[in-house]
Structure formats: C-alpha cells, structure tokens
Amino acid sequence: MKTFLVVNPRSANGQTGKRWAEISAQVGRALGDFGHGFTQGGMDAARITRQALLDGYECIVAVGGDGTLNEVTNGFFEDGKALNPNAALGLIPRGTGGDFRRTFGWDLELASSLERLRSGTTEPFDVGQLEFIDHAGQPATRYFANIASFGVSAVVAQEVNQSSKALGGHLSFMWGTLKGLVKYSERQVRLSVDGGPEEVVSVTAVAVANGRYFGSGMFVAPDAITHDGLFDVTIWSNYSLSDFILKSKGVYNGSHVNWKGTRRLRCRTLRAEPVDGGDVFLDVDGETPGRLPCTMTLLPGAIRLKVL
C-alpha cells in the first residue's frame, strides 16, 4: 500500500524528532518509498492526513501517541464521511499513555510496528463520532479511535496534559487522577442510549469505549472490540479519592466491573447532558476539546486498521 507517515516530533518526550533520521531509515528499509509530514500544532495531523488521502495514499500511519492517532483518525473524514473507506490506519506508537496499542497487545518496538505495517493484513475498524460543545461555546464534531469519556476523566486528562509527564505515563496519570479526584465533584447527568428513555445518572466518570484502555493502562472496558459495531459503556458512580487509593488495582486489572459503583452497557449511540446546566467536560483519546451536551455515534467498519 502507498504509505504516508504523520509524525509528531514532540512525541516520546521529543525523541521522535531527535531520532527521525534513524527512524526514517528503518522505515525505508522495511517499507520502501513512503511520504511523511511533521505536525507543528493542534489538529495539524488531521489536515496532513486529509491531504495525503486526497493525494492517493492508501495507508496513513500515526507516529506518536494517542493524541496523534486521534487527529490522524479525524483526517480520514470530511463532511461526515470517510474520504476512502478502504484506506488503512496504521500506528507506530511513540506516546506517553499508549492506551490504544494496549487493546491489541502491541509493544513499543519499532521492529514490531514495521512488521505490522509491512503485512498486507487489515481489519474493519469502528470509529466514534462525537458531537459536542467546544471551548468557544460552539457546536463541534470530532471523531475518536479509542475512548471518549466525561466527568473526572476529563479533569485528569487536563492535569496530565498540563504536567511535564517527566514521571512517565503510568505515574503521571496516577498523580493526575489523585489531583483530579480532589478537584472533582460528582455530577448528575441525563443519559439516553440508542434513542431510549432518558435516565439521570450520578457520574464520577462515563467511558464510551471502542478500545479497552484509557488513563495509561486503566482497563476500563475489558470486553470492548474495535470491529463489533458497538460501544462498550462503563459508568462509574459515587467513587471518591479514598476508593481509588484503596482499590486502584481493580481499575488496572478490570475487576472494577464487579464493584457496586460500576455499571456497564452496550449501544450504538449515547446522548448526555448535565442536569443542572453546569459544565461537564470531555476527554477524547486523552485530549479535552469541550463539554456536554454531546451525542456519540458509532460508525461501524468506517475505515480499515493495519494489524498482523
């Protein structure tokens, strides 16, 4: 497949840019000729991806973390439709959190990534579409590859993104979670799934999952599959800082699904709005683009994903 790499040079704490000559040489030996572009700012990866697809590239590879992958996924779409439904999304993981790759058991070794990209194997890949209110107060649309959530998870993502991440992914998210839970107050949110009746839910966090992990290894949706045509939704209610401190192991091994405050469901669409009109912010693949009200819709098999 004609391949194009969308490179975030700041990923891996800047090592991607510093080591690009070495990385690109290995990519060239494995894949032959390829195109590439470097991101410089927010949503650059989406713009670069969109142009590469219009230029006829058939496999677009995100070189970076979950945020870069999210932006590349957004670039596959224009006016609500995939530019090329047969085009493939690839990943060379270089990020801090690495939650998307965990769903597939992919490691961080470049050789493993190149073996995956060199293979001719792809599978259908579901994509989430999110309609929400951006920070300017305007309606906006964004796509997501892994997980969109709201509640304390957005506070945590904001804390982590404002930090240096010098502690590494896991410890940065652990520390961000502790700080987020201190700041966050439980919110009442009105939910409706698949057009069904509305229900008011007390929300610590709601994760609408295509993949299985968020927050640098939190196993939030253990049964999620990225090509089954359904979101796996996990609702956490009435959890406190002490709960996280005492029982955090269950968040990382998946046993939280058996806790009293955890509820799960599956759906194609989810609508959410705050009951009291206050701000409830969103975390979308580790980024915080806006707030509720929102509607999340699954687009089954919208594009392809490069796998082994």
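At what angle do helix α2 and helix α6 pack, and how far apart are their axes? In this predicted model, helix α2, which spans residues 20-31, packs against helix α6, formed by residues 110-118, at an angle of about 35 degrees, and the two axes lie 10 Å apart. The crossing of these two helices, α2 and α6, is right-handed. On the side of α2, the residues that take part are I23, Q26, V27, A30 and L31, and these meet L110, L114, L117 and R118 in α6. Sorted by class, the residues in the contact of α2 with α6 comprise seven nonpolar, one polar and one charged.

At the level of the whole protein, the model is divided into domain 1, covering residues 3-120, and domain 2, covering residues 128-300. The centres of domain 1 and domain 2, taken over C-alpha atoms, are separated by 25 Å. Contact between the domains involves 19 residues of domain 1 and 23 residues of domain 2. The area buried between domain 1 and domain 2 amounts to about 1600 Å², with carbon and sulfur atoms giving 57% of that area, while the count of salt bridges between domain 1 and domain 2 is zero.

Two features of the backbone may also be described. The peptide bond that leads from L292 to P293 is cis, with omega near 5 degrees, and P293 itself lies in strand β17, which runs over residues 290-306. M43, a residue other than glycine, has a positive phi, near 65 degrees, and M43 is placed in the loop between β2 (35-38) and α3 (44-54).

Notes. Residues are numbered from 1 along each chain as its sequence is written. This is a predicted model: local features need pLDDT of at least 70, side-chain atom pairs count only at pLDDT 80 or more; totals for chains, interfaces and linings use all residues. Side-chain values use heavy atoms; hydrogens and water are left out. Axes are lines fitted to C-alpha atoms, for helices over the stretch in contact, and angles run from 0 to 180 degrees between N-to-C directions. Helices (H or I, at least four residues) and strands (E, at least two) are DSSP runs, numbered from the N terminus. A crossing is left-handed if the near helix is turned anticlockwise from the far one by less than a right angle, and right-handed if clockwise. Contact means heavy atoms within 4.5 Å. Ala, Val, Leu, Ile, Met, Phe, Trp, Tyr, Cys and Pro count as nonpolar, Asp, Glu, Lys and Arg as charged, and the others, Gly among them, as polar. Domain bounds come from an automatic or database domain assignment. Buried area is the accessible area (1.4 Å probe) that two parts lose on being put together, summed over both. A salt bridge is a side-chain nitrogen of Lys or Arg within 4 Å of a carboxyl oxygen of Asp or Glu.
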